[in-house]
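These are my notebook entries on one structure. I list what I looked up, entry by entry.

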Amino acid sequence: MSRFLAQSGFRHGEQAAAAVLLVNIGTPTAPTPRAVRRYLAQFLADPRIVETPRWLWRLILHGVILRLRPARSAELYRKIWTAQGSPLAVGMAALSERLQATLRAQRPGPILVRHAMRYGDPAIGTVLRDLAAAGVRRVLVLPLFPQYSGTTTASAFDAIGTELSRWRWLPELRFINSYYAAPHYIEALARSVEAHWQRQGRAPRLLLSFHGTPESYLHAGDPYFCQCQETARRLRERLGLDEQAISVTFQSRVGAARWLQPYTDATLAELPAAGVRHVQVLCPGFAIDCLETLEEIALTNHARFLHAGGEKLEYIPALNDGADHVAMLADLVLRNTGGWHEFAPDWDAASATAQARAAKVRHERLRDERR
């Protein structure tokens, strides 16, 4: 039996399609300890996430973390869970649908947009196999991590490589590894801040909170910290703010190791004593709202800020499936699919069908000649 997977339902002469695969980090399927444990077991077992020696980390993970953390995390997930399910899962599905509609309006070719999660469902491997069964021969992978990190973007690439290493016929593949300074991305962030200002007024301080990573990863060559700073600088310049009106911090640290600083929670606890009692928080590294934005920032850190003497903290939502975000991603997709005829503005269905039919005829002729 071959070690390589055959393409299900393959027929010579079928018209090929192209796809855009949006990838995000993932979410439990339910706000329960069992579902969270399953998710954390996959997430924390990834050597891209934790670089501790495997034998030692397995002891810690299965002996301590997966015994204690799932119940606590499930309680946090319950605070943000909606009737439709996980905010991240719901948001990813909505964004995929809107991007599909936008690309179809701009390009006549056979283009599919799908989303997958690095951990949990829908799994990257499952979605890739579904795309192959739908006749997709070209895939643009777009991880929704604007700033590159080995813990996110590279991990998504690992999962894709692992899946495709089992395939007999590989698709043509392109991979976007960051868009932290893309003009349309900065513009979308700026417009979201400006829209919030129009509704709520402008706070004395805009705090940009990015997800943290261990500081050792920066010293090992991970560009994430520098790309976050570049995003912040370009956004500050676009908004016309001076350096005193904006802060860059890092959230979601765990364990005793030193992580990227300054820390979001510590900064928010210190600002009231420095005279800043009204702050607005934007999380530019999160494309879709999730536990880290809706619970950690809008609930936990909001309470921390008020407890420290602050008067008002406003969380500015992620770009989610908003029109500016969809337009930005569509532009990014079209800029990275040049030369793929499915994305050509003059793609012609009749011509493509005729070429596919001709290929099928040639195949049948060769098959008959061999009999």
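I count a residue as buried under 20% relative accessible area, as exposed over 50%, and as partly exposed in between, with a 1.4 Å probe and protein chains only. The model is predicted, so I take local features only at pLDDT of at least 70 and side-chain atom pairs only at pLDDT 80 or more, while totals for chains, interfaces and linings use all residues. Residues are numbered from 1 along each chain as its sequence is written, and side-chain values use heavy atoms, with hydrogens and water left out.

**Entry: positive phi**

I looked up N320 and found its phi near 50°, a positive value in a residue other than glycine. N320 sits in the loop between β8 (312–316) and α11; helices (H or I, at least four residues) and strands (E, at least two) are DSSP runs, numbered from the N terminus. N320 counts as buried because its relative accessibility is 19%.

I then looked up S252, a residue other than glycine whose phi is also positive, near 70°. S252 belongs to the loop between β6 and α9. Its relative accessible area is 14%, so I note S252 as buried.

**Entry: cis peptide bonds**

I noted a cis peptide bond between D121 and P122, with omega about -5°. P122 is in the loop between β2 and α4 (124–133). I noted a cis peptide bond between Q261 and P262 as well, with omega about 0°. P262 is placed in the loop between β6 and α9 (264–270).

**Entry: aromatic pairs**

How many aromatic pairs does the structure hold? I find eight. Rings of Phe, Tyr and Trp (its six-membered ring) pair if their centres lie within 6.5 Å; planes under 30 degrees apart count as stacked, over 60 as edge-to-face and the rest as tilted.

For F43 and Y119, the ring centres are 5.1 Å apart and the planes are at 75°, so I file the pair as edge-to-face. F43 is in helix α1 (residues 33–44) and Y119 in strand β2 (residues 111–119), so this pair ties together parts 76 residues apart in sequence. F43 has a relative accessible area of 18% and is buried; Y119, at 1% relative accessibility, counts as buried too.

For F210 and F250, I have ring centres 6.1 Å apart and planes at 35°, so this pair is tilted. It links distant parts of the chain, with F210 in strand β5 (residues 205–211) and F250 in strand β6 (residues 246–251), 40 residues apart. F210 counts as buried at 0% relative accessibility, and F250 counts as buried at 2%.

I also recorded one aromatic cluster, formed by Y39, F43 and Y119.

**Entry: α6 against α11**

I looked up how helix α6 (residues 183–200) runs against helix α11 (residues 323–335): their axes come within 9 Å and cross at roughly 180°. Axes are lines fitted to C-alpha atoms, for helices over the stretch in contact, and angles run from 0 to 180 degrees between N-to-C directions. Angles over 145 degrees count as roughly antiparallel, under 35 as roughly parallel, 65 to 115 as roughly perpendicular and the rest as oblique. I therefore log α6 and α11 as roughly antiparallel to each other.

On the α6 side I list H184, Y185, A188 and R191, which meet D324, M328, D331 and R335 in α11. Contact here means heavy atoms within 4.5 Å. By class, the α6 contact with α11 has three nonpolar, one polar and four charged residues. Ala, Val, Leu, Ile, Met, Phe, Trp, Tyr, Cys and Pro are nonpolar, Asp, Glu, Lys and Arg charged, and the others, Gly among them, polar.

**Entry: buried side chains with polar contacts**

E163 is in helix α5 (residues 153–164). I count E163 as buried because its relative accessibility is 7%. The side chains of E163 and W167 are joined by a polar contact of 2.6 Å. A polar contact is a pair of N or O atoms within 3.5 Å; within protein, one must be able to donate a hydrogen and the other to accept it, and residues adjacent in sequence count only if both atoms are side-chain atoms. Leaving aside neighbours within four places in sequence, I find E163 in contact with L5, G125, L128 and R129.

N301 is in helix α10 (residues 291–307) and counts as buried at 2% relative accessibility. Its side chain makes a polar contact of 2.8 Å with the side chain of R304.
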